[in-house]
Amino acid sequence: GMVFAAAAAIARLAAPQWLSIVIGAAALYALLRWRLDAAWVVAAAALAGWLLF
């Protein structure tokens, strides 16, 4: 619940670009499909955002 609330707050501040949506969808898929630890998914999404923007 807290991870979703944090993601929603960050999403409101993010630039509305298609790449942001792709990174967010991939992170959500990784969390739900493979049950990865949220800290690793957040770190990977942050790294992807930093490298791609």
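This is a predicted model: local features need pLDDT of at least 70, side-chain atom pairs count only at pLDDT 80 or more; totals for chains, interfaces and linings use all residues.
1. **Pocket size.** Start with the largest pocket. Its volume is about 890 Å³. The lining of this pocket is made up of 25 residues.

2. **Pocket centre.** Which residues lie nearest the centre of the largest pocket? They are Ala 7, Ile 10, Ala 11, Gly 24 and Ala 27.

3. **Who builds the lining.** The most comes from α2, which supplies 8 residues.

4. **Arg 35.** Look next at the loop between α2 and α3, where Arg 35 is found. The phi angle of Arg 35 is near 55°. That is a positive value, and the residue is not glycine. Arg 35 has a relative accessible area of 68%, so it is exposed; the cut-off for exposed is over 50%.

5. **Surface patch.** A nonpolar patch sits on the surface. Its members are Leu 47, Trp 50, Leu 51, Leu 52 and Phe 53. Together they have about 630 Å² of accessible area.

6. **Phe 53.** This member of the patch lies in the segment after α3. Is Phe 53 buried or exposed? It counts as exposed, because its relative accessibility is 52% and the exposed class begins over 50%.

7. **Val 22.** Helix α2 holds Val 22. Its relative accessibility is 43%, so Val 22 counts as partly exposed. The pair Val 22 and Ala 38 is worth checking in the viewer. These two are 16 residues apart in sequence. In space, their C-alpha atoms are 17 Å apart.

8. **Ile 23.** Ile 23 also has its place in helix α2. Why does Ile 23 count as buried? Its relative accessibility is 16%, and buried means under 20%. Along the chain, Ile 23 and Ala 11 are 12 residues apart. Their C-alpha atoms are separated by 11 Å. Ala 11 is one of the residues nearest the centre of the largest pocket.

9. **Val 22 and Ile 23 together.** Both lie in α2. Val 22 is partly exposed at 43%, whereas Ile 23 is buried at 16%.

Methods: Residues are numbered from 1 along each chain as its sequence is written. Side-chain values use heavy atoms; hydrogens and water are left out. On a 1 Å grid over the protein atoms alone, a cavity is a set of points where a 1.4 Å probe fits but cannot get out, and a pocket is an open set with protein on both sides within 12 Å along at least five of seven lines; lining residues have an atom within 4 Å of a point. Grid points are joined across faces, edges and corners, and a volume is the space filled by probe spheres set on the points. Helices (H or I, at least four residues) and strands (E, at least two) are DSSP runs, numbered from the N terminus. Buried means under 20% relative accessible area, exposed over 50%, partly exposed in between (1.4 Å probe, protein chains only). Patches are made of residues with over 30% relative accessible area and no salt bridge: like charges are joined within 9 Å, nonpolar side chains (Val, Leu, Ile, Met, Phe, Trp, Tyr) within 5 Å. Accessible areas come from the Shrake-Rupley method with a 1.4 Å probe; for residues, only the protein chains shown count as cover. A salt bridge is a side-chain nitrogen of Lys or Arg within 4 Å of a carboxyl oxygen of Asp or Glu.
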